[in-house]
Amino acid sequence: MIKEHYGYIIMDSAYLSIIPGLAIMLIVYAFNPVTVGLRDAFDIKSANTRI
């Protein structure tokens with residue numbers, strides 16, 4: 001797919017590859033705090049430890 005549309009990346013339409021890449025990056029960064037929160041909420045091993 002990249003090879004077929006490589007001309008768009010080189011020419012004036014570089015936003016056609018940058019915008020979807022930024023969208024994927026933002027989705028990954030948005031799911032990261034959710035997964036950290038779920039891991040902390042359901043972590044059984046650290047819930048029973050005493051300090």
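## Residue H5

In this predicted model, H5 counts as partly exposed, at 43% relative accessibility; the class lies between buried (under 20% relative accessible area) and exposed (over 50%), with a 1.4 Å probe and protein chains only. H5 is placed in the segment before α1 (6-10).

## Fold and surface

The chain has 3 helices and 0 strands, in the order α-α-α. Helices (H or I, at least four residues) and strands (E, at least two) are DSSP runs, numbered from the N terminus.

Of the 51 residues in the chain, 2% are buried. The chain exposes about 5,200 Å², with 69% supplied by carbon and sulfur atoms; accessible areas come from the Shrake-Rupley method with a 1.4 Å probe.

## Nonpolar patch

I18, L22, I24, M25, L26, V28 and Y29 make a nonpolar surface patch of about 710 Å². Patch residues have over 30% relative accessible area and no salt bridge, and nonpolar side chains are joined within 5 Å. A salt bridge is a Lys or Arg side-chain nitrogen within 4 Å of an Asp or Glu carboxyl oxygen. M25 lies in helix α2 (residues 15-41) and is partly exposed, with a relative accessible area of 37%.

## Confidence and conventions

Mean pLDDT, the predictor's confidence in each residue from 0 to 100, is 80 for the chain, and 84% of residues reach 70 or more. Confidence is highest in α2, at 88, and lowest in helix α3 (residues 44-47), at a mean of 68. Where pLDDT is low, the predicted coordinates should not be read in detail.

Residues are numbered from 1 along each chain as its sequence is written, and side-chain values use heavy atoms, without hydrogens and water. Local features need pLDDT of at least 70 and side-chain atom pairs 80 or more, whereas totals for chains, interfaces and linings use all residues.

Terms used: Patches are made of residues with over 30% relative accessible area and no salt bridge: like charges are joined within 9 Å, nonpolar side chains (Val, Leu, Ile, Met, Phe, Trp, Tyr) within 5 Å.
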